[in-house]
Every structure is written in C-alpha cells, then in structure tokens.
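Please look at the sequence and the model shown below before reading on. The paragraphs that follow lead through the structure step by step.

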Amino acid sequence: MTTRSKWTTVPGLIALAVGAIALSAYAGASSSQHSSPVQPIAFPHPVHVQKLGMNCLYCHYTANKSPDPGLPALSTCMGCHNLVGPDRPASDLGPKRHSAELDKLYKYADQKMVGAGMGPNAKPIPWIRIHKVPEYVHFPHTRHINAGVTCQTCHGQVQKMDRVYQFATLNMGWCVSCHVNGYSQQEGLEAAGYAPSSPAPAAPVAMATDRKKARYDCANCHY
Ligand code: HEC
Ligand code: HEC
Ligand code: HEC
Ligand code: HEC
Ligand code: HEC
C-alpha cells in the first residue's frame, strides 16, 4: 500500500465508523437484529436443508438473478407437498404422525387430499418478512451472491435455525466494514458451516491480498 492510499482510506474509514455509530440511534426504518417473528406456518429449514439436502436457491430462487430474493411461492411448496401430505408415515425423518403445520399448508393451497393439487381458492402464505434495509439503501443481492459471498455470512446458519432470526445488524457499519476489510472465500465457507476453521490465522497483511473488497463511497449504497 502506498503512503498516499493509506492516508486516503484510513481517515475515511474512521469517519464512516464514527458516522455509523452516531446514526445507529436513528435507524428506525430497518429491521432489528435477533428479531424472529412467529410465521403463519412453522417452516423447518433444518428438515428441508439438512435432512433433505435442498439448496437455498431451490426456494429463494431469484436470489442470484434479482436484487430481491423473495419469499417462496406456495407453488414451490406444493411441488412436493402435493404428495407429502399431513399424514406422515414413519420414516427416517420421524415417527408416524399427523402434522398440524401441513394441515395449515393444505388450507392455504385449498387442497383437500394428497395428490389432488391446489384448489381454486388457494391463497399466498402471508410470510412475515424479517430482513429489511431502509428504502434509501441500495442493496443488490445478486452482486453479493455472484461475488461468492455465502448466504450464511450475512444470515447465519439458517439450515440449523428452527425459526429464522435476523443474525446480523444490517447497519451501515456492518456493510462498510466488509467492503473495506474485504471478504475471503475461506471465511464464507466457515460461516456457512461447510468448511473447518483454518488452523492458524494468517498474518493480516498477507491475507489482505486474497480478499475481495467492494466500493464504499456513499453513492454506492445510497441513491
Ligand atoms: C423438495 C420437496 C419439498 C419442498 C419443495 C418443500 N417441502 Fe416441506 N417437506 C418435504 C419433506 C419430504 C418433508 C418431511 C416429511 C416427513 O417428515 O415425513 C417436509 C416437511 C415439511 C414440514 C414439517 C412437517 C412436520 O410437521 O413434520 C413443513 C411445515 C413443511 N415441509 C412446509 C413446507 C413449505 C411451507 C414449503 C414451501 C416453502 C415446503 N415445505 C417445500 C418436502 C418438501
Ligand atoms: C423448502 C424451501 C426453502 C429452502 C430450501 C430454504 N428456505 Fe429460507 N425460507 C423459506 C421460507 C418458507 C421462509 C419464510 C418463513 C421463515 O422465515 O421460516 C424462509 C425464510 C428465510 C429467510 C428470512 C427471510 C426474511 O424474511 O427476511 C432467510 C434469510 C432464509 N430463508 C435463508 C435461507 C438459506 C440461507 C437457505 C439455505 C441454507 C434457505 N433459506 C433454504 C423456505 C426455504
Ligand atoms: C452480503 C450479505 C447478504 C448475503 C450474502 C445474502 N443476503 Fe439475503 N439479505 C441481506 C440483506 C441486507 C437483506 C435485506 C434486503 C432489503 O431490505 O432489501 C436480505 C434479505 C433476504 C431475504 C428476505 C427479503 C425478501 O426479498 O423477501 C431473503 C429470503 C434472503 N435475504 C435470502 C438470502 C439467500 C438465500 C442468500 C444466499 C443465496 C442470501 N440471502 C445472501 C443480506 C445478504
Ligand atoms: C460479508 C461482506 C459484505 C457485506 C456484509 C456487505 N457487502 Fe456489499 N459487497 C461485498 C462484495 C464482495 C461485493 C462485490 C464486489 C464486486 O463484485 O467486485 C459487494 C458489492 C456491493 C454493491 C455493488 C457495487 C459494488 O461495489 O460493486 C453494493 C451496492 C453493496 N455491496 C451494498 C451493500 C450494502 C448496502 C450492505 C449492507 C446492507 C452490504 N453491501 C454488505 C461484500 C459485502
Ligand atoms: C456499504 C454500504 C454503505 C455505504 C458505503 C454508506 N452507507 Fe450510509 N447506510 C447504509 C445502511 C445499510 C444504512 C441503514 C442502516 C443504518 O441506519 O445503520 C445507512 C444509513 C445511513 C444514514 C442514516 C439515515 C438515518 O436516518 O438513520 C445516513 C445519513 C448515511 N447512511 C449516510 C452515508 C454517507 C454520508 C456515506 C458516505 C460517507 C454512507 N452513508 C456510505 C449503507 C452504506
């Protein structure tokens, strides 16, 4: 790093960090960390992701295409649940039982019985959205996913959450610190729980070269 770039980046970072702390008191328009609303159906991520091995993008399929990943459509669920109905036989997924949560799913789908398909009065499941940045913030999911940032880096290990909660603060200091310090694939895989932690952290200066950095000028994130 040249002397000049040291002087241009370091004071900028301090100013941003101070700004972010001062502003966090006014951050009323965004969602809050740890928030974990009760959803209309107790949807189990661990069953679908860990036991059934589904990919996050199977349900959140627009995450790598659109700025907004969206909550899954009812038809995505019914692709399987047309046949996987409320009466669960004993299997390696659990004992024989009747699922009250799948009853609810069948009500939203207006489906009377297994295999019958959705009825004419099917209506969308009113999922409660958890993560939200204020309107004046520009956050393109696609750019992050295409840059290889794992979902869990920002959302935590959703595959282990019985009920999803907001893992990160989503405040400006959080965004800026990753853009400034950069992101490495190894950290992302560790955050995802897909890779063992590296034995010893490399020297910060040596690490800096593998890190993917992003712009942190105001106009990058603010309209
Ligand atoms: C790829 C197929 C597939 C898709 C897509 C799918 N599921 Fe499932 N789901 C399953 C299977 C298989 C089980 C486990 C059933 C068992 O335990 O016997 C399950 C279990 C569940 C359970 C737990 C049932 C219980 O009480 O044990 C709920 C609730 C559920 N799914 C809701 C949903 C919702 C809501 C969606 C859409 C967002 C969805 N599923 C999408 C296959 C799928
Ligand atoms: C079978 C479909 C399915 C799969 C696979 C799935 N999800 Fe979800 N996801 C849902 C549903 C339904 C909701 C809304 C209900 C809830 O919050 O549990 C949701 C909610 C979320 C939310 C909260 C969204 C908000 O409101 O802010 C995040 C974050 C999320 N999922 C991440 C992931 C990640 C990461 C993976 C892969 C490890 C994944 N999901 C795999 C169906 C799925
Ligand atoms: C760099 C951090 C970051 C990464 C990586 C990331 N997200 Fe998000 N996610 C966010 C933020 C920030 C929001 C709130 C965005 C907003 O309000 O516009 C969000 C919102 C969401 C939502 C709810 C918003 C909606 O459109 O309904 C879902 C679902 C979600 N993310 C799933 C995923 C999945 C799945 C992945 C991986 C394929 C992923 N995210 C990767 C930061 C991230
Ligand atoms: C864990 C690291 C990380 C976090 C957290 C993060 N970003 Fe990023 N961001 C990146 C990376 C990596 C890129 C991709 C840069 C590239 O494509 O070269 C990126 C790209 C962007 C871009 C596209 C413009 C550009 O610089 O190429 C915007 C806009 C952006 N981020 C906004 C945000 C906002 C807003 C937040 C917080 C809500 C956030 N980011 C949180 C790592 C992160
Ligand atoms: C990497 C993305 C990113 C960059 C770069 C960024 N911001 Fe932000 N900013 C955010 C996010 C996300 C929020 C909302 C969350 C919060 O309030 O902490 C925010 C909030 C704010 C707010 C708060 C408004 C309020 O009412 O709370 C102001 C003002 C602001 N930013 C100004 C700036 C200025 C000035 C710069 C350039 C020095 C800048 N931002 C650079 C992401 C960014």
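Which residues does Pro46 touch, not counting residues up to four places away in sequence? Pro46 touches Lys51, Gln159, Lys160 and Asp162; two residues are in contact if their C-beta atoms, placed from the backbone, lie within 7 Å. Pro46 has its place in helix α2. Helices (H or I, at least four residues) and strands (E, at least two) are DSSP runs, numbered from the N terminus. The C-alpha atoms of Pro46 and Met161 are separated by 6.6 Å, although these residues are 115 residues apart along the chain. With 14 other C-beta atoms within 10 Å, Pro46 is partly exposed. A residue is called buried if 20 or more other C-beta atoms lie within 10 Å of its own, exposed if 12 or fewer, and partly exposed in between, with C-beta atoms placed from the backbone.

The structure is a predicted model, in which local features need pLDDT of at least 70 and side-chain atom pairs count only at pLDDT 80 or more, whereas totals for chains, interfaces and linings use all residues. Residues are numbered from 1 along each chain as its sequence is written, while chains are lettered from A and ligands numbered from 1 in the order in which they are written. The term pLDDT denotes the predictor's confidence in each residue, from 0 to 100. The mean pLDDT of the chain is 84, and 77% of its residues reach 70 or more. Among the elements of the chain, helix α5 (residues 100-109) has the highest mean pLDDT (98) and helix α10 (residues 204-207) the lowest (45). Over residues 1-10, pLDDT stays under 50, and the model has 1 contact beyond four places in sequence for them. Over residues 200-208, pLDDT likewise stays under 50, with 3 contacts beyond four places in sequence.

The overall plan of the chain comes next. The chain contains 11 helices and 2 strands. Read from the N terminus on, its elements run α-α-α-α-β-β-α-α-α-α-α-α-α. Of its 223 residues, 10% count as buried. Among contacts between residues at least 6 apart in sequence, 71% join residues at least 24 apart.

A residue is near a molecule if its C-beta atom, placed from the backbone, lies within 6 Å of it.

Ligand 3 is surrounded by 22 residues, of which the closest are His60, His131, Val149, Cys151 and Cys154. At least two residues of its shell are supplied by each of α3, α6 (141-146) and α7. The largest share, 4 residues, comes from α7. The shell around ligand 3 divides into 12 nonpolar, 7 polar and 3 charged residues.

In helix α8 (residues 172-181), Met172, Cys175, Val176 and Cys178 are buried. Seen down the axis of α8, these buried residues fall within an arc of 160 degrees, so they line one face of the helix; the arc is that of the directions from the helix axis to the C-beta atoms. Just after α8, Gly182 takes a positive phi of about 90 degrees. In helix α9 (residues 185-192), the buried residues are Glu187, Gly188 and Ala191. Their arc, seen down the axis of α9, is within 100 degrees, so they line one face of that helix. These buried residues of α9 pack against α7.

His34 has a positive phi of about 75 degrees and is found in the loop between α1 (3-24) and α2. Is His34 buried or exposed? His34 is exposed, with 8 other C-beta atoms within 10 Å. Leu170 has a positive phi of about 65 degrees and is found in the loop between α7 and α8. With 20 C-beta neighbours inside 10 Å, Leu170 counts as buried.

Methods. Ala, Val, Leu, Ile, Met, Phe, Trp, Tyr, Cys and Pro count as nonpolar, Asp, Glu, Lys and Arg as charged, and the others, Gly among them, as polar.
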